[in-house]
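I opened my notebook to record what I looked up, entry by entry. Here is the structure I worked from.

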Amino acid sequence: MRIRPRASLGRILDDLGTTVLDVAASPGHLDAEVTGVHIYDPLDELIVAEGAMVLAVGVQGAAEIRALLARVPHAAGVVVKLPVDVDERVRAAVLETGVAVLGLTRAASWAQVAALLRSLLAEGDLAEPGEGVHGDLFALANAVCALLDAPVTIEDRSSRVLAFSGRQEEADQGRVETVLGRQVPERYLRLLDEQGAFKRLYQSREPVYIELPDDSVINRVAVAVRAGDDILGSIWVAVREPLTPQRQRALADAAKVVALRLLHERAGADTQRRLRADLLSTVLAGGADAAEAAGRLGIATGRLCVLAAELTGPAADPGGRAANAATDHAADHVRSESERQRFCDALALHVAAIHPKAAAALAGSVAYAVLPLTPGGGEEERAVRVAESFLARVGPRHAANVGVGRLAHNLAQVARSRADADRALRVLRHRGVTGQAAGYTAVHFESLLLQVADVAAAEEQAPTGPYQRLLEHDAEHGTELAATLGAYLDAFGDVNLAAARVHVHPNTFRYRLKRLTEIGGLDLSDPDARLTVQLQMRIFGRRH
């Protein structure tokens with residue numbers, strides 16, 4: 001496997017160019033290793049990992065910049081929206097801490113730059129100086145840019161940006177938005193589609209020149225990246241006039257090199273994904289091999305929390321979809337597996353942005369992540385916040401829940417944290433909710449009740465005593481005495497509230513309450529009797 005270049009601050013700035021970030025104040029070198037992205041919030045506890053890029057949302061003015069630099073002396077850089085107020089005291093603080101201050105273009109949102117930096121760090125697609133066209137995709141994009149003397153993007157079939165060259169500021173606003181969002185904006189996709197650009201692109205094996213009617217957008221030359229008849233993506237060049245024949249041939253040749261690189265990346269990603277899944281499964285299972293697996297994953301440290309994430313939408317249950325034929329069912333299954341893998345990849349990207357040594361892998365229908373946490377207390381609550389921010393981020397695309405295990409102080413406790421996460425996830429599943437995250441501590445009692453219900457079901461146990469008699473009476477006479485009792489207990493004995501919940505008059509409710517105590521032989525003034533029947537309701541359900 002090729003060792004990817006270190007994600008240094010200078011390397012990131014070289015690849016992004018001045019389109020997104022520019023240096024406002026430098027400590028004299030930009031070789032600090034970037035390990036992750038941290039979004040600064042003055043209302044949250046500030047725990048920043050060494051080497052993090054700190055996105056200083058809302059920070060402005062020299063005094064605020066100096067104060068933030070003093071609080072994050074181990075960061076790689078601090079990013080502030082342009083214009084950046086840099087005075088002599090800010091420069092002195094930069095030299096003292098070694099933390100660079102960068103200016104972010106006003107056209108970029110914080111969400112865009114966070115996603116851009118995280119994807120760069122997760123992919124490792126950062127070019128080393130002098131690396132040739134057989135290097136990574138960013139190096140290839142820069143090489144094609146040099147050949148054609150124009151800014152270049154390499155995109156997949158869905159117009160997501162895989163890599164881009166420098167000099168993007170020489171193009172138009174559409175290209176800048178594309179680079180910032182790592183996706184061609186919808187309005188430009190419609191414009192290209194109306195011009196028949198994609199049809200021409202995918203039908204031709206040569207570069208095609210695309211004239212665009214919008215005066216704010218310069219024209220494009222594009223070529224499909226193919227592996228035989230399989231279209232892997234495309235290369236897009238922002239130009240003001242058609243390429244010369246010589247440059248057309250250079251672009252066509254470049255597409256072949258990019259195709260080889262994409263095929264290599266695809267094969268490598270699949271192999272690496274399987275390896276990480278196997279290693280993480282070993283860590284989660286515990287045992288003699290867990291330490292070695294954790295070391296290979298880079299998480300051989302204490303203070304870990306396990307996250308268990310599960311889709312709750314259609315992809316969670318491919319068998320539930322209607323299928324008219326076996327082939328339809330197989331296609332549904334493949335789509336569901338692909339959806340789960342994309343969900344797991346999103347989780348891996350998210351936790352890696354929190355901590356560079358975090359790991360995630362898919363095991364069956366559940367995506368597990370092991371998240372190292374810095375000391376500071378409240379680790380489980382912090383992990384829950386990470387899970388909540390992940391769900392908020394993927395919510396528009398993936399309906400899901402996340403369970404969070406208790407803190408594992410060493411590798412021997414990771415298996416316990418995984419079991420905790422599974423139990424918390426089961427509680428959310430049992431509640432029938434979606435888009436929720438829960439720590440095991442917060443749902444401990446509910447989890448215990450579900451475990452007791454499992455034992456009762458396995459031993460074919462049934463309700464007894466007053467609850468059994470009420471259920472039998474309801475089944476025989478069509479009454480709702482068990483539901484009445486449940487409403488009364490849920491309302492803590494408030495008859496008016498309980499009556500409203502079951503939509504009957506309070507007097508009617510009182511009559512039913514009297515009947516159920518007579519039929520069930522239940523003394524509602526006895527706390528032990530109330531507890532017993534409540535537990536049976538939770539364990540066996542409120543059956544009629």
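**Entry 1: strand E11**

I began with strand E11, residues 304-311. Eight of its eight residues are buried, so the rest of the structure largely encloses this strand. I note that this is a predicted model. Buried here means under 20% relative accessible area.

Next I asked which way the side chains of E11 point. Leu304, Val306, Ala308 and Glu310 point one way. Cys305, Leu307, Ala309 and Leu311 point the other way, and all of these residues are buried.

**Entry 2: partners of E11**

Which strands pair with E11? I found strand E13, residues 366-372, paired with E11 in the antiparallel sense over seven bridges. Within this pairing, Ala309 stands opposite Ala367 in E13.

I also found strand E14, residues 400-404. E14 pairs with E11 in the antiparallel sense too, over five bridges. I had already listed Glu310 among the buried residues of E11.

**Entry 3: helix H10**

I moved on to helix H10, residues 290-297. Which of its residues are buried? I noted Ala290, Ala293, Ala294 and Leu297. Then I looked down the helix axis. The buried residues of H10 fall within an arc of 100 degrees, so they line one face of the helix.

I checked the face turned away from that buried side. It carries Glu292 and Arg296, which are exposed. Last, I looked at what follows H10. Gly298 comes next, and its phi is positive, near 85 degrees.

**Entry 4: the cavity**

Then I searched for empty space. Rolling a probe the size of a water molecule over the atoms shows where such space is left. How many cavities of 30 Å³ or more does the structure hold? I recorded one. The largest cavity has a volume of about 160 Å³.

I listed what lines this cavity. There are 16 lining residues, and the closest to the centre are Thr178, Val184, Leu192, Arg220 and Trp236. The elements that give two or more residues to the lining are strand E6 (152-156), helix H6 (173-181) and helix H7 (186-194). H7 gives the largest share, four residues.

I finished by sorting the lining by class. I recorded nine nonpolar, four polar and three charged residues.

Note on methods: Residues are numbered from 1 along each chain as its sequence is written. This is a predicted model: local features need pLDDT of at least 70, side-chain atom pairs count only at pLDDT 80 or more; totals for chains, interfaces and linings use all residues. Side-chain values use heavy atoms; hydrogens and water are left out. Buried means under 20% relative accessible area, exposed over 50%, partly exposed in between (1.4 Å probe, protein chains only). Two strands pair if DSSP finds at least two bridges between them. On a 1 Å grid over the protein atoms alone, a cavity is a set of points where a 1.4 Å probe fits but cannot get out, and a pocket is an open set with protein on both sides within 12 Å along at least five of seven lines; lining residues have an atom within 4 Å of a point. Grid points are joined across faces, edges and corners, and a volume is the space filled by probe spheres set on the points. Ala, Val, Leu, Ile, Met, Phe, Trp, Tyr, Cys and Pro count as nonpolar, Asp, Glu, Lys and Arg as charged, and the others, Gly among them, as polar. The arc is that of the directions from the helix axis to the C-beta atoms.
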